[in-house]
Amino acid sequence: MLSLTRTMAFSENLRRIRLAAFLSQAELGRRSDVHAITITRLESGRTAPSTRTVRALAAALGVPPHELATPEEVAEADRRQRSR
């Protein structure tokens, strides 16, 4: 499981960048093809992002993926998904 500190870094980055782009969670969801509820969970730190999600959100926000999440965060989230 991701540590709360790491998850919080991702969630804070996502929220900060989304708000700087003047996007609602719903609009970011439409642009990234990531459900708005997932974005809510990501921003609250309740869900860790997969590689696909980080890439989709970064593309929709016009930033490189490393501005949202560290490679370690994504790798750990991917490991958790595979173990389900």
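Hi everyone! Two residues are in contact when they have heavy atoms within 4.5 Å of each other. Keep that in mind, as we look at a predicted model today.

Let's start with Ser-32. Leaving aside neighbours within four places in sequence, Ser-32 is in contact with Ile-39, Arg-52, Ala-56, Leu-57 and Ala-60. Is Ser-32 buried or exposed? Its relative accessibility is 6%, and the cut-off for buried is under 20%, so Ser-32 counts as buried.

What does the side chain of Ser-32 reach? Another is the backbone nitrogen of Val-34, at 3.3 Å.

Now let's zoom out. Ser-32 lies in helix H2, and H2, residues 25–32, packs with helix H3, residues 36–44. Two packed helices are described by the angle between their axes and the distance between those axes. Here the angle is about 115 degrees and the axes are 8 Å apart. H2 passes H3 in a right-handed crossing.

Who makes that contact? On the H2 side we have Gln-25, Ala-26, Leu-28, Gly-29 and our friend Ser-32. H3 brings Ala-36, Ile-39, Thr-40 and Glu-43. Sorted by class, that gives 4 nonpolar, 4 polar and 1 charged residues.

Last stop, H3. Which residues of H3 are buried? They are Ile-39, Leu-42 and Glu-43. These residues cover an arc of only 95 degrees around the axis, so they sit on the same side of H3. An α-helix has 3.6 residues a turn, so residues three or four places apart point the same way. Just after H3, look for Gly-45, which takes a positive phi of about 85 degrees.

Conventions
Residues are numbered from 1 along each chain as its sequence is written. This is a predicted model: local features need pLDDT of at least 70, side-chain atom pairs count only at pLDDT 80 or more; totals for chains, interfaces and linings use all residues. Side-chain values use heavy atoms; hydrogens and water are left out. Axes are lines fitted to C-alpha atoms, for helices over the stretch in contact, and angles run from 0 to 180 degrees between N-to-C directions. Helices (H or I, at least four residues) and strands (E, at least two) are DSSP runs, numbered from the N terminus. A crossing is left-handed if the near helix is turned anticlockwise from the far one by less than a right angle, and right-handed if clockwise. Ala, Val, Leu, Ile, Met, Phe, Trp, Tyr, Cys and Pro count as nonpolar, Asp, Glu, Lys and Arg as charged, and the others, Gly among them, as polar. Buried means under 20% relative accessible area, exposed over 50%, partly exposed in between (1.4 Å probe, protein chains only). A polar contact is a pair of N or O atoms within 3.5 Å; within protein, one must be able to donate a hydrogen and the other to accept it, and residues adjacent in sequence count only if both atoms are side-chain atoms. The arc is that of the directions from the helix axis to the C-beta atoms.
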